[in-house]
Amino acid sequence: MTFMQMLQAAQQRNGSMLCVGLDPDPARFPAALKGDPSRIFDFCARIVDATADLVIAFKPQIAYFAAHGAELQLDRLMRHMRSAAPHVPVILDAKRGDIGSTAEQYAKEAFERYGADAVTLSPFMGFDSVQPYLKYEGKGAFLLCRTSNPGGDDLQNQRLAGVDGQPLLYEHIARLAQGPWNLNGQLGLVVGATYPAEIERVRQLAPTLPLLIPGVGAQGGDAAATVKAGWRTDAPIVVNSSRAILYASAGDDFADAARREAQRTREQLQAARAAG
Ligand SMILES: O=C(O)c1cc(=O)[nH]c(=O)n1[C@@H]1O[C@H](COP(=O)(O)O)[C@@H](O)[C@H]1O
């Protein structure tokens, strides 16, 4: 099954557009695990097990593992997700972007070492930096387009004077991803829940692409406005929340609390869809 097919299937099976982001920070772990980077796998596996029937995807953020030298725990977590939640696609949030020869190594890391179903990429270095990922048949790649952070404006909202129609940079990225860069239908776009008007604009320019939408929860993005702007029956939206779910409780009940928060967010998103 391709990543796009897995997304559609998980969306239907779990009735969900919620993605749980796995951003493990040992300093925020519950008392029994707190401050211990060797427990990253244990923490994440509990979250995965508690939420696997509620999500369209999981999104481990690679920096939270690499910063602690915990790559082997990420390896183990990827295998755990594969066996405990085989129906849930895994997006490795790596935000890579480099020249073709180096990108080949990053692609190998994401898809061969970790066995991810999709990856996040920065399109800043151009098509030849994206192409190596597209050689992996059936895998997905989400290009940063209009990111959730305020500083996204610095570049992404600049006008490209030399390009037809003088689009904003993020509009140009959306057009490239919907059109000439999307050789085998593997591309999606990242658009922040903190900017619903831009989600709507990206949807106009990229009507058939899946959108990865982080920014609900800890960053305060508007879940209902996000769904209204981005939802399409034939192009899934993957709405990510990390900290609000992972750290819903600092106690031993953290996995149950994560489940409740995931359930609440999923219902909120589904309700917005029904109202839409
Ligand atoms: O690519 C991403 O996932 C991403 C893009 C973006 O524009 N904004 C953004 O917050 N993210 C990631 O999404 C997650 C958001 O985490 P929370 O703010 O805790 O829900 C983090 O892992 C970020 O690195």
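These questions and answers concern a predicted model.

User: Is helix α2 largely enclosed by the rest of the structure or largely open, and how many of its residues are buried?

Analyst: A residue counts as buried when its relative accessible area is under 20%. Among the buried residues of α2 are Ile40, Phe41, Phe43 and Cys44. The helix is largely enclosed by the rest of the structure, because the buried residues number nine of the 12.

User: Which elements do the buried residues of α2 pack against?

Analyst: The buried residues of α2 include Ala45, Ile47 and Val48. The elements they pack against are strands β1 (18–22) and β2 (57–60), and helices α3 (62–66), α4 (71–84), α11 (243–246) and α12 (254–275).

User: How far does α2 reach from its first C-alpha to its last?

Analyst: Helix α2 covers residues 40–51, which is 12 residues. At 1.5 Å a residue, the expected span is 16 Å. The span in the model is close to that, at 17 Å.

User: In which sense do β3 and β4 pair, and what is the handedness of the β-α-β unit they make with α5?

Analyst: Strand β3 (residues 91–96) and strand β4 (residues 118–121) are joined over three bridges, in the parallel sense. With helix α5 (residues 100–113), the two strands make a β-α-β unit that is right-handed.

Note on methods:
Residues are numbered from 1 along each chain as its sequence is written. This is a predicted model: local features need pLDDT of at least 70, side-chain atom pairs count only at pLDDT 80 or more; totals for chains, interfaces and linings use all residues. Side-chain values use heavy atoms; hydrogens and water are left out. Helices (H or I, at least four residues) and strands (E, at least two) are DSSP runs, numbered from the N terminus. The expected span of a helix is 1.5 Å times one less than its number of residues. Buried means under 20% relative accessible area, exposed over 50%, partly exposed in between (1.4 Å probe, protein chains only). Contact means heavy atoms within 4.5 Å. Two strands pair if DSSP finds at least two bridges between them. A crossover is right-handed if, with the strands pointing away from the viewer, the path from the first strand over the helix to the second runs clockwise.
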